[in-house]
Amino acid sequence: HMGPIFSGQLESLVQDFPSHLASVRGRGLMIGLQFHQASTALKVVDMALASGIILLPAGDGSVIEFIPPLIVTREEISSAVAILRLCLSSIS
C-alpha cells in the first residue's frame, strides 16, 4: 500500500517541475522517475546523495530508480520527496 503513496508524491513533483520531469512509472515500490535530460537526473542523484539518499540512475541515465525496502514508512517517503523537491528547486 506504500507504492501508490510514493508514486502519488512523485507525481506531484512531475506537476511542479514539468521542465525537468517527464513521468513516474513502475509498480509497487519499484518506481522510476523519468527526466527530460540525463544530465539533470545525474545532478539530482549527486545532490540527493549529499543529503543522505542513495538513488540509482537507470537506462540512458535519464531515469532515477527508487527501490526502498518494503518496510519504508510514510514519513520516510515524505522526507525523501522533500529532499528531491529541494534538489529540483536548486536546479531550476
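**Salt bridges.** I looked for salt bridges, taken as a side-chain nitrogen of Lys or Arg within 4 Å of a carboxyl oxygen of Asp or Glu, and the count came to one. The model is predicted, so I note that local features need pLDDT of at least 70 and side-chain atom pairs pLDDT 80 or more, while totals for chains, interfaces and linings use all residues. Residues are numbered from 1 along each chain as its sequence is written, and side-chain values use heavy atoms, without hydrogens and water.

The pair is Arg85 and Asp16, with the closest N and O atoms 2.7 Å apart. Arg85 lies in helix 3 (residues 74-91) and Asp16 in helix 1 (residues 2-16), 69 residues apart. Helices (H or I, at least four residues) and strands (E, at least two) are DSSP runs, numbered from the N terminus.

I then checked accessibility, where buried means under 20% relative accessible area, exposed over 50% and partly exposed in between (1.4 Å probe, protein chains only). Arg85 is partly exposed at 28%, and Asp16 is partly exposed at 45%.

**Helix 3.** I listed its buried residues as Ile77, Ala80, Val81, Ile83, Leu84, Cys87 and Leu88. They lie on the same side of helix 3 because they cover an arc of only 155° around the axis, judged by the directions from the helix axis to the C-beta atoms. On the other side, Glu75 and Leu86 are exposed.

**Contacts.** With contact meaning heavy atoms within 4.5 Å, I found that the cover over the buried residues of helix 3 includes helix 1, strand 1, strand 2, helix 2 and strand 4. Leu10 touches Val24, Ile31, Leu33, Phe66, Val81 and Leu84, not counting residues up to four places away in sequence.
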